[in-house]
Amino acid sequence: MPERRDTITFLSDYGTVDEFVGVVKSVVRSLAPHVVVVDLTHEIPPHDVRAGSLALARAMQYVAPGVVLAVVDPGVGTERRAVAVEVADGEGVLVGPDNGLLAPAVAMAGGATRAVELVADEYHLPSPGATFAGRDVFGPVSAHLCNGVDLGELGVPVDPAGLLPGIVPLSRIEDGALVTEVLWIDRFGNAQLNAGSDELPDPDADRLVLRAGTATRTVARARAYGELGVGQVGLVVDSYGLLSVCVDRASAAAELGLDVGDVVSISVPSDEEGPPASTSPVTLGRPRGGA
Amino acid sequence: MPERRDTITFLSDYGTVDEFVGVVKSVVRSLAPHVVVVDLTHEIPPHDVRAGSLALARAMQYVAPGVVLAVVDPGVGTERRAVAVEVADGEGVLVGPDNGLLAPAVAMAGGATRAVELVADEYHLPSPGATFAGRDVFGPVSAHLCNGVDLGELGVPVDPAGLLPGIVPLSRIEDGALVTEVLWIDRFGNAQLNAGSDELPDPDADRLVLRAGTATRTVARARAYGELGVGQVGLVVDSYGLLSVCVDRASAAAELGLDVGDVVSISVPSDEEGPPASTSPVTLGRPRGGA
Amino acid sequence: MPERRDTITFLSDYGTVDEFVGVVKSVVRSLAPHVVVVDLTHEIPPHDVRAGSLALARAMQYVAPGVVLAVVDPGVGTERRAVAVEVADGEGVLVGPDNGLLAPAVAMAGGATRAVELVADEYHLPSPGATFAGRDVFGPVSAHLCNGVDLGELGVPVDPAGLLPGIVPLSRIEDGALVTEVLWIDRFGNAQLNAGSDELPDPDADRLVLRAGTATRTVARARAYGELGVGQVGLVVDSYGLLSVCVDRASAAAELGLDVGDVVSISVPSDEEGPPASTSPVTLGRPRGGA
């Protein structure tokens, strides 16, 4: 059912040094002046569809109802499809390239209820070149959706099951250790893993052994960064419910040489483990609220 | 004719690390709460009037009606004039220093219809120092324009023909080659040249020879980055209708050592050219829509 | 008295590479759609409470009435208090951690009239982990304040006098020299000092001697950067009324090796001073307006 929408949540790899983002917002402002654009981030590394899809998925449960405009689009102007995907029976529509970028967010929102390929070019801007689909296709289409244009007007229906899936790595148990992958390293150097605390070999252990590359470290479970001793590597449940490797007021990624995609395994200390690599004294606070 | 405006499009070299941009927006929010500010970019290199003027000109045809606030102002507090320039009979007003920053955008908008020097300081903020005209002069003036204050109230009329012109380099043909200059290198490493495809020595040639500094490369014409083979340097018509040197999913600027202002010449391959420097196989797709 | 507010001014150390800021804004947009968020900056260095408190204090007199949301919060999830502090009898409310971040801004606004610790968790978001208080506590509380929820509903009253003070260094006179500290180095390399021009040993002197680390330089008083000769180090009164070390169209911080927190002393040239280290010719313009 067509309806007026008033928020566009915008993520891209455009950066903010060039005027790309501002031009897309100018187009939206001209076509649908009532809309507020909320920027998630525009600093997805250039062409990094996976990083974009993970950031979008993390944010998805918090975005306001309306349109989600996502552009990480190395295949711009080629045969990759431009799509709009409706979720939650129209509470949200995701607009972007069909290259896996939208898929994890669509799944987070409960799956697609409709999808179209954006071939109705009367809703696009005429363009001298085919390299800026955010300005010429995705931005205008998002604005028209906010003006109440029905999804079906924007192109031809496609089977949501045929949209390119995202690739989200799974953790596994191997020789008693939880083998995970680094999904995200944030500004503070915290390294988010693709596993929750219930997947740990011993969810109640205060200390665990972490292996990444050639590094082996004893790490402390903690509820907050500030509970860790100086220089102590910790494992917290982050704000998305996933395990995160961290150091208080410093970068765990720098400390351990971690990068996105690295394998991190976590195991219970064995008696033969020898002295821990880090011997910083740690006093774990009792979590407030009993969580 | 005085009228209420509701959009300020904002470009500067303030960066976003300091709070300059936020303070200007706070001033606007206090004086004209109905206004939406659209940021084009604030990462123009410090003091780089030319880069600012080119970014503004590129964006100009897409900005929403209202005020354009542009501040790249190395001469702040000196004798350079602060001006407001009306274009399109009032559909837009550009506000900023008279140092060439606004000139290409004014030209893109069809030329100035009126201009004033901003000397009516009842529309400025009092200030302890003269170093932040965005906060104290340009921002408040933009807000007052949005509140319906007539341009003429803001200062004394100046002859638009007397405004400092921008400097836009022209391409030329020399010994059969198109000699261009790099106008802009974007986040993705694409290098925009100051020429369109109709200026090429052979607009229909699939391959051309590009010379920049000591590098000579055979380059392929393409419609989209994704049509190029891995590592192949290409020449596309970008989203502004200008030629752009590019590499698929990589930086052409890094590949060729290009910087803004560099000279790039493009010629038809001669029989004596020898084997091309790059021999990546390329299959050019047929442009969709016949363009 | 509860009242509807429509602006949230937002400062943090979240950066804009991750989606933290966008998620907080999404939460605000969902809870209080009428609110406009004005970003001051999100590039406060990670965990740098002092830098955040100074940026907030600089901006404070310009922020629009409403809520100020400030998050530089290394102690997130620990015993540090989350607070909301009312200033100017309700014209403004500052929301953030009680770690000194808010204190200088509160002082700039004339002091606190009320304060609460934010323990009423019905105004927070439920959260799987305690590491993102901007999203789960400070953002939602700011939105509820804008919706007219009274400060008193958000938690338990605390004595404003018991809030953690900020640390603002004081300048002093020592052996006839003004001894200052670098408070801030901006994007342009200007170094703001913690002293006004009336504290100079000779406020009317055209030239002074500046010492910082091992460097000794003769510096020129100027009203604007553009009044300085090429390469000449100058001392201007900046837009906050404080002395600032500068170089025209170049970075004074780079020129003198200055960093935040460095000591800079300023004295009157003595007859035994010898030739100045810098001999660039300088013609000082007469300040306009007689300031």
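Guide: Between chain A and chain C there are three salt bridges. Please keep in mind that this is a predicted model.

Visitor: Which side chains meet in a salt bridge there, for example?
Guide: One salt bridge joins the side chains of C:Glu19 and A:Arg58, at 2.6 Å from N to O. In general, side chains of opposite charge can pair when their charged atoms come close.

Visitor: And how many residue pairs are in polar contact across the interface of chain A and chain C?
Guide: The rule finds 15 such residue pairs, with both residues at pLDDT 80 or more.

Visitor: Which elements of chain A supply at least two residues to the side that touches chain C?
Guide: They are the strands β1 (7–12), β2 (36–41), β9 (177–185) and β13 (233–237), together with the helix α2 (49–60), each in chain A. The largest share comes from β2(A), which supplies five residues.

Visitor: What kinds of residues make up that side of chain A?
Guide: The side of chain A that touches chain C divides into 18 nonpolar, twelve charged and six polar residues.

Visitor: How much area is buried between chain A and chain C?
Guide: The buried area is about 2,800 Å², and carbon and sulfur atoms give 55% of it. The contact involves 36 residues of chain A and 35 residues of chain C.

Visitor: Which three residues supply more of the area that chain A buries than any other three?
Guide: They are A:Tyr62, A:Arg187 and A:Phe188, which supply 27% of the area that chain A buries against chain C.

Visitor: Let us move on to chain C and chain B. How many residues does the contact take from each?
Guide: It takes 36 residues from chain C and 35 residues from chain B. Chain C and chain B bury about 2,800 Å² between them, with 55% of that on carbon and sulfur atoms. In chain C, the residues that lose the most area to chain B are C:Tyr62, C:Arg187 and C:Phe188, together 27% of what that side buries.

Visitor: What is the count of salt bridges between chain C and chain B?
Guide: The count is three. In one of the salt bridges, the side chains of B:Glu19 and C:Arg58 meet at 2.6 Å, N to O.

Visitor: Which element gives the most to the side of chain C that touches chain B?
Guide: That is β2(C), with five residues. The residues on that side of chain C divide into 18 nonpolar, six polar and twelve charged.

Visitor: How many salt bridges are found over all chains?
Guide: A search of the whole structure finds 39. Among them is a pair in chain A, where the side chains of A:Glu255 and A:Arg217 meet at 3.1 Å, N to O.

Visitor: What does that pair tie together?
Guide: A:Glu255 lies in helix α5 (residues 252–256) and A:Arg217 in strand β12 (residues 215–222), both of chain A, so the pair ties together parts that are 38 residues apart in sequence.

Visitor: A new topic: at what angle do helix α1 and helix α4 of chain A pack?
Guide: The angle between α1 (residues 20–31) and α4 (residues 133–146) of chain A is about 35 degrees, and their axes are 9 Å apart. The crossing of α1(A) past α4(A) is right-handed.

Visitor: Which residues meet there?
Guide: From α1(A), A:Val23, A:Val24, A:Val27, A:Val28 and A:Leu31 take part; they meet residues of α4(A) including A:Gly134, A:Pro140 and A:Ala143. The residues of this contact divide into seven nonpolar, three polar and one charged.

How values were computed. Residues numbered from 1 in each chain as written. Chains lettered and ligands numbered in written order. Predicted model: local features only at pLDDT ≥ 70, side-chain atom pairs only at ≥ 80, totals over all residues. Heavy atoms only, no water. Axes fitted to C-alpha atoms, helices over the stretch in contact; angles between N-to-C directions. Helix = DSSP H or I, 4+ residues; strand = E, 2+ residues; numbered from the N terminus. Left-handed = near helix turned anticlockwise from the far one by under 90°. Contact = heavy atoms within 4.5 Å. Nonpolar A, V, L, I, M, F, W, Y, C, P; charged D, E, K, R; others polar. Buried area = accessible area lost by both parts, 1.4 Å probe. Salt bridge = Lys/Arg side-chain N within 4 Å of Asp/Glu carboxyl O. Polar contact = N/O pair within 3.5 Å; in protein donor to acceptor, adjacent residues only side chain to side chain.
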